[in-house]
Structures are given as structure tokens and as C-alpha cells.
Amino acid sequence: MDQHIAESIGRPDLIRLEDRLVCLRFETMKAVSALAAVRHLLDTGAVRPGDTLLDSSSGIYAYALALACHRYGMRCHIVGSTTVDHTLRTQLAVLGATLEQMEPCSDLRLDQKRRVERIHEILAEHPEYHWMRQYHDDVHYAGYRAVADRIRAETGADGLTVVGGVGSGASTGALARYLREAGGDVELVGVQPYGSVTFGAGHVADPEIIIAGIGSSIPFGNVAHEQYDTVHWISFEAARAGSVDLLRRHAVFAGLSAGAGYLAARHERDRAPRRTVLFVAADTGHRYVDTVYAGHREALPVSALAPREVADRGELALPWSRMAWNRAPAPGEARVPRPGGRLTRTA
Ligand SMILES: Cc1ncc(COP(=O)(O)O)c(C=O)c1O
């Protein structure tokens, strides 16, 4: 029996949708990651019960951290982007977490930059607060070990391809790291929106909305580029086609990054006849009813979509591109600058 709902929410469902196509479905991802991270900080004495944990989030990490703080008797302060909606705002308030929401801003780079600046202001006023740094501190990997163990037990980890959207990089990076540790033949496929610098596509814009939670306009230390075999860049339009098809064909009501992952996973499954492909569905579809599902009649059929294979990022084009990454290091625009001036991947 679970001792707190954060444990229940942290445990995903594994659903075999079709032959060699498995969905790793979370009600809301990152609960397992935030719980393990806070537990580790308490165990190592980095924080004490009652301390305030601080971070910036566009949504599901805020909820996960608030749950972990509720579980361990900590205070929680979030600097949220405009994508924190009414439902989440209300839940956070009742859970006792405080939220500062930034003014609406259509420029993702500016929005992220302003949130980081605000964090620094808060830390200057409250040096006793602990900044969680979900995008940089690999304490966020640990919780996914239990998920990897379950995948290994139920799906097998030999001839397995893991597909997922890359935001902080913790979920996909951790699953690949822990699945590979046991020696299985595991491939990792990252999914990105256009315009994200993480795998060097800052130069291609998607005229429609960005996919919440994945991609970035600034470098993140938690992305382990050397773990990824392949990268797909998927537009809003193609991701919506995936989300609608996932609900229509398999009755899975999930978010936009899940739709993009599903599209990429179907393609990877079809091109590798001996591999099982697992994709991550990080959240449910509720947040996306108006922006994604309301337009279901206009959604393109997934059979009409195929990726453009590119050998070089200069060839990237909407609505969907695929490139072999071959476990290469971070491209220049995604390297995290260190205070001393040298560049490093982990902050
Ligand atoms: C909806 C959604 N999908 C995918 C991700 C990516 O997860 P990660 O940060 O572990 O890369 C996020 C992260 O915020 C998210 O909100």
C-alpha cells in the first residue's frame, strides 16, 4: 500500500497498444523524480524538513515538486510560466505551494530568461531557499530507476527502443541510462519541437504553438546528448495528428508531447522489424482540450505523414524531420557555459 498519493501518481501504466508498440503512460510525469530528489536532499542533509524548495516550471514539475514537498513536510515556491493553468494554480494553492506567475510572453527565450532572473532575485532575498535546478541537477534522474526496472521486467530490455520528448532530459536520459546499465540493447530516440536549441534546431521556427514541456531556448545540463541515437523534430500540426490518432485508435487521452512521441514511435517500430518500441506519454489530455483535441476533425491522418530524413541540421524542415544523432555530444548552442568560461554538459 502506498503511504502518499505522490507514490501512486509516480507509478506509470505500461500498455501494449499494438505488436511491438508500448505506451509508458503517466497521469503526470516527474512525481517519481521529484520524490526521489527531495528524499535524497533530506538524506544527505542538503535540506531539512520545513525548508523551502524553489524552482521554475511550465507545469508538471511544479505539481510534482508540490506533491513531494507535501509528502516530506517541506515548503514549495514556484516561479511559473503562463502555461500554468487555472486547474494547476488552484491545486498548488490548496497543497500549500506558493506560485509566482510571470506575465504572458510569446517569446519562449525571454520567458525562460525572465524566470531564471526571478529565481536569482528570490535567492538573493532568501539565501536559505534551496533551488532544485530540475534542468541541471542530475539528482532528478534517480527516481526513474524504479520505472526502468519495471520496463525491464515487463517489456524486456533487449532490442528495446525508448522514445520520448526531451525537456530537461531527465526522463529519457535516466530511462536509457538505467536500462543500459543492465547490459540490454537499448536505443534512445529524442523528440523535439522546432526552434529548440537542445539538439541544434534554434534556427527553424514553428509558426504554430510550441509543444509544452519539451525543447528549450537555453542550454540544459541534464540533457545527456551522448545517450541519444536518433532525434525527431515534430511540428505542432504533426504532434496534434499523433495525439488525435492515439485517442481515436487506442483510446489513450494524452498530451501533445505524447502525440509527438507516438508518431515517432510508430515510425521507429515500422523501420526496425525486430525491435519493441516504447514511448513516453508524460501527461493526460485535459490541458490540451481546447488547443489540440477541439480541432480533431482538421487533424491530418497519421498515414499521410512521414519524416524527412536529414543528414545535417541545415536540412531540417517542417512538419517532421528525423536525423541519426549517433550518441554525439551537445552541439555548440546547447552547451552549458560554466562560470569559469569553460563549457561543460553538466552544470
Ligand atoms: C508534457 C511534457 N512532456 C515531456 C516532458 C519532458 O520531460 P523531461 O523534462 O524529463 O525531459 C515534459 C517536461 O516538462 C512535459 O511537461
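Modeller: Helix 7 is the main contributor to the shell around the ligand, giving three residues. Keep in mind that this is a predicted model. There are 18 residues around the ligand. Those that come nearest are Gly-167, Ser-168, Ser-171, Gly-213 and Ala-282. Two elements give two or more residues to this shell: helix 3 and helix 7, the latter spanning 170-181. By residue class, the shell holds seven nonpolar, 10 polar and one charged.

Now place the shell in the chain. The protein chain is divided into domain 1 (5-28 + 141-326) and domain 2 (31-133). Both domains give residues to the shell around the ligand, so the shell lies between them.

The two domains also meet each other. Their C-alpha centres lie 25 Å apart. On the domain 1 side, 18 residues are in contact with 20 residues of domain 2. Helix 1 (5-10) and helix 6 (144-154) each supply at least two residues of that domain 1 side. The side of domain 1 that touches domain 2 divides into 11 nonpolar, five polar and two charged residues.

Next comes the packing. The largest nonpolar core has 106 residues. Within this core, Ala-34, Leu-65, Val-162, Leu-179, Phe-279 and Ala-281 touch the most other members. Helix 3 (residues 60-72) gives the most to the core, with 10 residues. Domain 1 and domain 2 both give residues to this core, so the core, too, lies between them. As a general point, nonpolar side chains tend to be buried together in soluble globular proteins.

Take Ala-34 as a worked case. Leaving aside residues up to four places away in sequence, Ala-34 touches Tyr-61, Ala-64, Leu-65, Leu-67 and Ala-68. One of these, Leu-65, is itself among the core residues that touch the most other members.

Finally, a contrast in setting. Thr-291 sits in the loop between strand 10 (276-281) and strand 11 (308-309). Thr-291 counts as partly exposed because it has 14 C-beta neighbours inside 10 Å.

How values were computed:
Residues are numbered from 1 along each chain as its sequence is written. This is a predicted model: local features need pLDDT of at least 70, side-chain atom pairs count only at pLDDT 80 or more; totals for chains, interfaces and linings use all residues. A nonpolar core is a set of buried Ala, Val, Leu, Ile, Met, Phe, Trp, Tyr and Cys residues joined through C-beta atoms within 7 Å. A residue is buried if 20 or more other C-beta atoms lie within 10 Å of its own, exposed if 12 or fewer, and partly exposed in between; C-beta atoms are placed from the backbone. Helices (H or I, at least four residues) and strands (E, at least two) are DSSP runs, numbered from the N terminus. Domain bounds come from an automatic or database domain assignment. Two residues are in contact if their C-beta atoms, placed from the backbone, lie within 7 Å. A residue is near a molecule or strand if its C-beta atom, placed from the backbone, lies within 6 Å of it. Ala, Val, Leu, Ile, Met, Phe, Trp, Tyr, Cys and Pro count as nonpolar, Asp, Glu, Lys and Arg as charged, and the others, Gly among them, as polar.
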